[in-house]
Amino acid sequence: MRLPKSQFILISAMLLLTVSIGCNRTRKYPLQGEVVGKNLATGEITVNHGDIPGFMPAMAMPYRVKDPAVAQEVQPGDKIAAEVVVGKDPSDYWLEDVRITDESGRVQAKPPAAPQMLMPGARVPDFALINQDGRKIRLSDFAGKALLVTFIYTRCPMPNFCPRLSSQFARIQNELKKNPEDYGKSHLLTISFDPKYDTPAVLRKYGLAYLDGDAGGFSHWDFASTNPTDLRRLAQAFGLAYQEEGNQISHTMSIVLIAPDSTVAKFWFTDWTWAELMESLQQAARATGKGEGK
Ligand SMILES: [Cu+2]
């Protein structure tokens, strides 16, 4: 069969479009199974699941959960239903829309507590903390500045987690110092989720190590903590999961940029570099001058 040229071009274009959509689209598969383990450090849960037609035969394997609060919530033994989402790169897949079900796979009346993570643009509640000097500080103290917040515990033995967060924040601190205007319009805040051990004195000593012994640096970088109840609320708001395990705390990473108007500007959970954080922080800080009658 010979097609008129115009029709041939049309069909070719449609085929090309279909192929490119097929490659760029993320795909979703329904999953049902039982949670048999979890690893808060990686934000993964291991699920023993049935056949997932078109994706995977029945087996037990770890899945990253998109929302870290959900990994915190579900427990081994829970029966769940979820969507496996496969990204453009098929080796990149994760779980979304996780629901706890009964034996027969029906969603139970009580799903996991709705994660209350703040979305970008949301106003940040005014949490109170105690800093390295034993002084009460509030997030609202930094209103008008771009505020970069992260969470650590000082005893963390995993080089890629808390020590990396602190050493990269130190790098940002040092770089910002070179530009007094940015320095004056920004602030860093490291929050410990281990208040029992990380007292103000411990945090002060820890902070000084990252400030090269310069206590003056605390005027731009606070190390703080608060009571366990407020920590839970803070962690939920900022999508951080942590859990005591013996003498250690297994946890995820969360870095949040709070804009000068006290709204969430951006989150980072896994992939980030100090340069990227600093650039976003500087951008937010420089935006403060605009629209304020300057
Ligand atoms: Cu850590």
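What follows is a short exchange about a predicted model of one protein chain.

Colleague: What does the secondary structure of the protein chain come to?

Modeller: Seven helices and 14 strands.

Colleague: What else describes the pair?

Modeller: H3 passes H7 in a right-handed crossing.

Colleague: Which residues of H3 and H7 meet?

Modeller: From H3, Gln168, Arg171, Ile172 and Glu175. From H7, Trp274, Leu277, Met278 and Leu281.

Colleague: Leaving aside neighbours within four places in sequence, what is Leu281 in contact with?

Modeller: Ala146, Leu148, Ile172, Ser186 and Leu257. Leu281 also belongs to the largest nonpolar core, which has 60 residues. Leu281 is among the members that touch the most others, along with Leu148, Val149, Ile191, Phe193, Leu257 and Ile258.

Colleague: Which strand gives this core its largest share?

Modeller: Strand S8, residues 146-152, with six residues. By domain, the core draws at least three residues from domain 1 (26-101) and at least three from domain 2 (128-289).

Colleague: How much of the protein chain is buried?

Modeller: Buried residues make up 32% of its 294 residues.

Colleague: Now the loops. What makes Asp212 count as exposed?

Modeller: Asp212 has 10 C-beta neighbours inside 10 Å. The limit for exposed is 12 or fewer. Ten is within that limit, so Asp212 counts as exposed. Its place is the loop between helix H5 (200-210) and strand S10 (221-225).

Colleague: What is the phi of Asp212?

Modeller: Positive, about 55 degrees, although Asp212 is not a glycine.

Colleague: And Ser262: why is it called partly exposed?

Modeller: Ser262 has 18 other C-beta atoms within 10 Å. Buried takes 20 or more, and exposed takes 12 or fewer. The count of 18 lies in between, so Ser262 is partly exposed.

Colleague: Where is Ser262, and what is its phi?

Modeller: Ser262 sits in the loop between strand S13 (255-258) and strand S14 (264-268). Its phi is near 65 degrees, a positive value in a residue other than glycine.

Technical notes
Residues numbered from 1 in each chain as written. Predicted model: local features only at pLDDT ≥ 70, side-chain atom pairs only at ≥ 80, totals over all residues. Core = buried A, V, L, I, M, F, W, Y, C linked by C-beta atoms within 7 Å. Helix = DSSP H or I, 4+ residues; strand = E, 2+ residues; numbered from the N terminus. Domains from an automatic or database assignment. Contact = placed C-beta atoms within 7 Å. Left-handed = near helix turned anticlockwise from the far one by under 90°.
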